[in-house]
Amino acid sequence: MKRLLIVDDQQGIRLLLNEVLKKEGYTTYLAANGVEALKFANEQEIDCVLLDMKIPGMDGIEILRRLKEKWPKLPVFMMTAYGELDVVQEALKLGAIRYFTKPFDIFEVRDEVNKTLQV
């Protein structure tokens with residue numbers, strides 16, 4: 001069973017993604033901040049990450065950088081409510097495979113995760 005890490009400071013986003021992706025058969029881990037996200041990544045074998053860009057404390061770019069240093073092949077999708085092209089481009093340069101702008105189409109996110117993990 002594939003394991004997903006969902007990182008977002010908004011509880012509603014975490015719960016929505018969790019509900020939809022669990023129905024797809026994934027095991028999900030939910031983190032509200034960078035410290036929690038990195039703890040899960042170190043303790044669990046994660047197959048994919050959905051990561052918000054704007055998180056208080058350690059932002060999504062820093063979390064992405066740390067994940068990619070340790071697991072360079074780990075697929076990471078970025079999520080942002082902001083259309084900040086420079087931040088999006090930095091995330092893609094660091095190895096994010098795609099980004100979704102909030103509010104996103106939950107079925108598009110589901111389909112992209114399924115396609116990436118070939119479920």
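**Core packing and sheet order**

Beyond its neighbours within four places in sequence, Ile63 is in contact (heavy atoms within 4.5 Å) with Val7, Gly34, Ala37, Leu38, Leu51, Ile55 and Met58. This is a predicted model, in which local features need pLDDT of at least 70 and side-chain atom pairs count only at pLDDT 80 or more, while totals for chains, interfaces and linings use all residues. Residues are numbered from 1 along each chain as its sequence is written, and side-chain values use heavy atoms, with hydrogens and water left out.

Nonpolar cores

- A nonpolar core is a set of buried Ala, Val, Leu, Ile, Met, Phe, Trp, Tyr and Cys residues joined through side-chain atoms within 4.5 Å; buried means under 20% relative accessible area (1.4 Å probe, protein chains only).
- The largest nonpolar core has 24 residues, of which Leu5, Val7, Val49, Leu51, Ile63 and Met78 touch the most other members.
- At least two residues of this core come from each of β1 (3–7), β2 (27–31), α2 (34–43), β3 (48–52), α3 (60–70), β4 (76–80) and α4 (85–93).
- With four residues, α3 gives the most to this core.
- Another core, of 17 residues, lies apart from it and includes Met79, Phe100, Phe104 and Ile106.

- Helices (H or I, at least four residues) and strands (E, at least two) are DSSP runs, numbered from the N terminus.
- Five strands form an open sheet in the order β2-β1-β3-β4-β5, with parallel pairing; two strands pair if DSSP finds at least two bridges between them.
- The edge strands, β2 and β5 (98–101), each pair on one side only.
- Four bridges join β1 and β3 in the parallel sense, and Val7 has Leu51 in β3 as its bridge partner.

Terms used:
Buried < 20%, exposed > 50% of the residue type's maximum accessible area, 1.4 Å probe, protein only.
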